[in-house]
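Please look through the structure below together with its sequence.

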Amino acid sequence: MNALPDGRHFFRGDDGYEPARRATVWNARLPQRFPDVIVQAADVADVVAAVRYAAAHDVKVGIRSGGHSWAANHVRDGGLLLDVSRLDSCVVDVPAMTAVVGPGKGGSVLAVELAERGLFFPAGHCRGVAVGGYLLQGGYGWNSRVVGPACESVLGLEVVTADGEQVYCDARHHPELYWAARGSGPGFFGVVTAFHLRLYPKPPVCGSSLYVYPIETADEVFGWARAISADVDRRVELQIVTSSEIPGVGLRAPGIVLASPVFADTEEDAKAALALLDSCPVRDDALVAVPFAPADLPSWFEAVMSNYPSGHRYATDNMWTSAPATELLPGIRRIIETMPPHPSHFLWLNWGPSPARQDMAYSLEDEIYLALYTAWSDPADDTRYGDWARTNMAEMAHLATGVQLADENLGQRPARFATDASMARLDAVRAQYDPQGRFHSWMGRV
Ligand SMILES: Cc1cc2nc3c(=O)[nH]c(=O)nc-3n(C[C@H](O)[C@H](O)[C@H](O)COP(=O)(O)OP(=O)(O)OC[C@H]3O[C@@H](n4cnc5c(N)ncnc54)[C@H](O)[C@@H]3O)c2cc1C
């Protein structure tokens, strides 16, 4: 009864252990942490067997869906690493506009499949990220400023609990587990084997504006972006990416890219929603200025992925803030001055002010999101670049209200990611559903 699935598990030292461990992490920077056994679940029965095995042997469990946790949160020393990436089914009910999706399903794959059927889900911006980790932590996806973080579109979840029981949770069944699953991210205490999702009609028009500014205009661009932040139409996602070069437009010098997707009913609406972004005081200095161009999801995924090439070593850190530009600019200048080579970059995302959210563990967000993504390829540069994101965010921590779990670096820099009330409630729900601490939790917390 407590046996591991035959042919789908690898103990440390077995042939196949290291490839199985390597396969659980997208980041080329695989941590030197070694679970005792890795289980590659083929179905829910394998998940139940793995959790029961862990309980019988009193070992902890880490869970992997798409392996895009930058910190490789699920790879821990000792215990069992449960890889559920093969649970990637997707059943769509078009008239009901719902879907039942396995945790290993890629968000970008889901989004494109839904678009072909006239449907939409706020999947993440990148290829490879699976819905498993994405939905548990919140989920900042396409059109999320309108439809909310993707976890608000989770109607229910199928979960294998710490004692190996299969339960369904939603607002009426195991409501506290449902509350916790929407926002606890890598601290969730159960194995999600399926998400029941609310879908939306595909927005009729997708497009974006694109502006590229020279780095010398940084003070003006960020000062202006902060000043207009509350007025940016919620259908527009203003993303500002600063990097040491912008190969996409042939710029071999540091630059600032403002790429702003918009979802609207008509092209006129889309252009009107984007019009504010043409008002930057240094607009005449723009190296590229495209107020509107139609786009589709595949082309957006293509563009975003140029900032996140695979095969690189990554380190990230982040913060939410509502500080004024005058207070943010010294830190931004320091980020620019110390920026490692492309594709490392600094992201400014205009997010709030946000509407009231559902009652769920996800409970902390702010007007502006700042994130640093360091990317390099030579392991010999680990010391040189590995701490850039953390140190710069630590320097600005006095301006932060907290961090996102999407780009968490809690093992290196513990920080607040939920309200105090939510953290207390999460601890209470964990004590109820996982009293032995069977599942690994966040690698750090304040
Ligand atoms: C290139 C890149 C782009 C990204 N873009 C975005 C973006 O646009 N928006 C956004 O919001 N985030 C984004 N992220 C962050 C991403 O959403 C999170 O890292 C997310 O946790 C990844 O999910 P995953 O299933 O691929 O990762 P995993 O590493 O498999 O999972 C992350 C953690 O979630 C937990 N977990 C995973 N699956 C389960 C499960 N089935 N049951 C219980 N617990 C589980 C585990 O603790 C695990 O360590 C991006 C990350 C990368 C690397």
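The dialogue that follows takes up the ligand, the backbone and selected residues in turn.

Q: What kind of model is this, and how are its residues numbered?

A: This is a predicted model, in which local features need pLDDT of at least 70 and side-chain atom pairs count only at pLDDT 80 or more, while totals for chains, interfaces and linings use all residues. Residues are numbered from 1 along each chain as its sequence is written, and side-chain values use heavy atoms, with hydrogens and water left out.

Q: How many residues surround the ligand, and which are the closest?

A: A residue is near a molecule if one of its heavy atoms lies within 4 Å of it. Here 31 residues surround the ligand, and the closest are Ser-65, Gly-67, Asn-73, His-125 and Tyr-140.

Q: How much of the ligand does the protein bury?

A: Accessible areas come from the Shrake-Rupley method with a 1.4 Å probe; for residues, only the protein chains shown count as cover. Taken alone, the ligand exposes 960 Å², and the protein buries 95% of that.

Q: Which elements give two or more residues to the shell around the ligand?

A: Helices (H or I, at least four residues) and strands (E, at least two) are DSSP runs, numbered from the N terminus. The elements that give two or more residues are β3 (61-64), α4 (131-137) and β10 (191-198). The largest share, five residues, comes from α4.

Q: What does the UniProt record say about residues 31-202?

A: UniProt positions are given in the numbering used here, feature names are shortened, and annotations may be inferred rather than shown by experiment. The unreviewed UniProt entry annotates residues 31-202 as "domain: FAD-binding PCMH-type". In the model, that span is 24% helix and 26% strand, and its end C-alpha atoms lie 40 Å apart.

Q: Where are cis peptide bonds found?

A: Most residues other than glycine have a negative phi, and most peptide bonds are trans. A cis peptide bond joins His-342 and Pro-343, with omega about 10°. Pro-343 belongs to the loop between α10 (325-337) and β17 (345-350). Another cis bond joins Gly-352 and Pro-353, with omega about 0°, and Pro-353 lies in the loop between β17 and β18 (368-376).

Q: Which residues have a positive phi although they are not glycines, and are they buried or exposed?

A: Buried means under 20% relative accessible area, exposed over 50%, and partly exposed in between (1.4 Å probe, protein chains only). Asp-58 has a positive phi of about 50° and lies in the loop between α2 (44-56) and β3. With a relative accessible area of 57%, Asp-58 is exposed. Met-97 also has a positive phi of about 50°; its place is the loop between β5 (90-93) and β6 (98-101). Met-97 counts as partly exposed because its relative accessibility is 27%.

Q: Which side chains does Glu-365 join by polar contacts?

A: Glu-365 is in the loop between β17 and β18. The side chain of Glu-365 makes a polar contact of 2.9 Å with that of Trp-351 and one of 2.8 Å with that of Arg-357.

Q: Why is Cys-151 classed as buried?

A: Cys-151 is buried because its relative accessible area is 0%. Cys-151 is placed in the loop between α5 (144-147) and β8 (154-160).

Notes
Polar contact = N/O pair within 3.5 Å; in protein donor to acceptor, adjacent residues only side chain to side chain.
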